[in-house]
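User: Can you walk me through this one? I'd like to start with the strands.

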Amino acid sequence: MFSLFHKHRSIRTLLPDGVDTHCHLLPGVDDGVPHADEALQLITAMKKLGLSGCICTPHISRRFPMNTPAVLRRAFCRFRQLVAAAHPDFTLQLSAEYEPDEHFISHIEQGEILPWLQPEMILVELSISRPLSGWADLLVELLHRGYIPVLAHPERYHRHLSEPDLLHLHRLGVRFQGNIGSLSGVYGRNAQERCRRLFAAGLYFRWGSDSHRLKAFRALPLRR
Ligand SMILES: [Fe+2]
């Protein structure tokens, strides 16, 4: 039977302000787009779908110890100059996708944080297979400090996080950012089905492509 969740969705539906809120577009800093050429081609592909901007969300995690906010800001400034020349109508913002670890709160206390969408919002990701212990306490700590943690692709944590636990986080004030590819099963059937349930319950605050490559972006279930 034709499934509602296999169809291509319009940009207007998922990204109504025309901004991809989660993308590894900043070249050469993590497991995302490796070179500026591909990053510029990815922007061309985004514009063809009607997107007008992107929030770059490179990883800040134990996997990429070189990625400090200062390093990422420098890389972003260089890349923004290229984009301004090639795509002056495309807006870029710098944020990050944080893995909450033992250094997380001290970064915040020192003001060394790259917020997401709003000054008080912080995009966080967990390991798909085995998150660091204490991560939930860190999210609660963020809430107590007046920040809003936004959990990236919550539908992908089905191996270690139950849906009641996810709903509990949402009730506490954690917001959810869904991955568009989850709607078409890019991350497997479990993530797709969980995504469908969270979507139907109206629990996604925003959507993003989480693109790491041009090819992956082109495969997303998106249309103008
Ligand atoms: Fe990501």
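**Strands, core and a loop**

Analyst: Gly-53 stands opposite Thr-91 in S5. Quick note on the source: this is a predicted model, where local features need pLDDT of at least 70, side-chain atom pairs count only at pLDDT 80 or more, and totals for chains, interfaces and linings use all residues. Residues are numbered from 1 along each chain as its sequence is written.

User: How do strand S3 and S5 pair, and over how many bridges?

Analyst: Strand S3 (residues 53-56) pairs with S5 in the parallel sense, over four bridges. Strands here are DSSP E runs of at least two residues, helices are H or I runs of at least four, and both are numbered from the N terminus. Two strands pair if DSSP finds at least two bridges between them.

User: What's the strand order in that open sheet?

Analyst: The order is S2-S3-S5, three strands with parallel pairing. Strand S2 (19-23) and strand S5 (91-94) are the edges, each pairing on one side only. From one strand to the next, the twist averages 20 degrees.

User: Which residues does Cys-56 touch?

Analyst: Leaving out residues up to four places away in sequence, its contacts include Cys-23, Leu-25, Phe-76 and Leu-92. Contact means C-beta atoms, placed from the backbone, within 7 Å.

User: And which residues have the most contacts inside the largest nonpolar core?

Analyst: Leu-25, Leu-42, Cys-54, Cys-56, Leu-123 and Val-124, in a core of 54 residues. Helix H2 (residues 36-48) gives the most to this core, with five residues. A nonpolar core is a set of buried Ala, Val, Leu, Ile, Met, Phe, Trp, Tyr and Cys residues joined through C-beta atoms within 7 Å. Buried means 20 or more other C-beta atoms within 10 Å of the residue's own, exposed means 12 or fewer, and partly exposed is in between, with C-beta atoms placed from the backbone.

User: Switching topic: where is Pro-115?

Analyst: Pro-115 is in the loop between helix H4 (104-109) and strand S7 (121-124). Not counting residues up to four places away in sequence, Pro-115 touches Ser-95, Glu-120, Met-121 and Ile-122.

User: Why does Pro-115 count as partly exposed?

Analyst: Because Pro-115 has 17 C-beta neighbours inside 10 Å.

User: Last one: is strand S9 mostly covered or uncovered?

Analyst: Mostly covered: four of the five residues in S9 (residues 175-179) are buried. S9 pairs in the parallel sense with strand S8 (residues 148-152) over three bridges, and with strand S10 (residues 204-208) over four. Phe-176 stands opposite Leu-151, and the bridge partner of Phe-176 in S10 is Tyr-204.

Methods: Two residues are in contact if their C-beta atoms, placed from the backbone, lie within 7 Å. Axes are lines fitted to C-alpha atoms, for helices over the stretch in contact, and angles run from 0 to 180 degrees between N-to-C directions.
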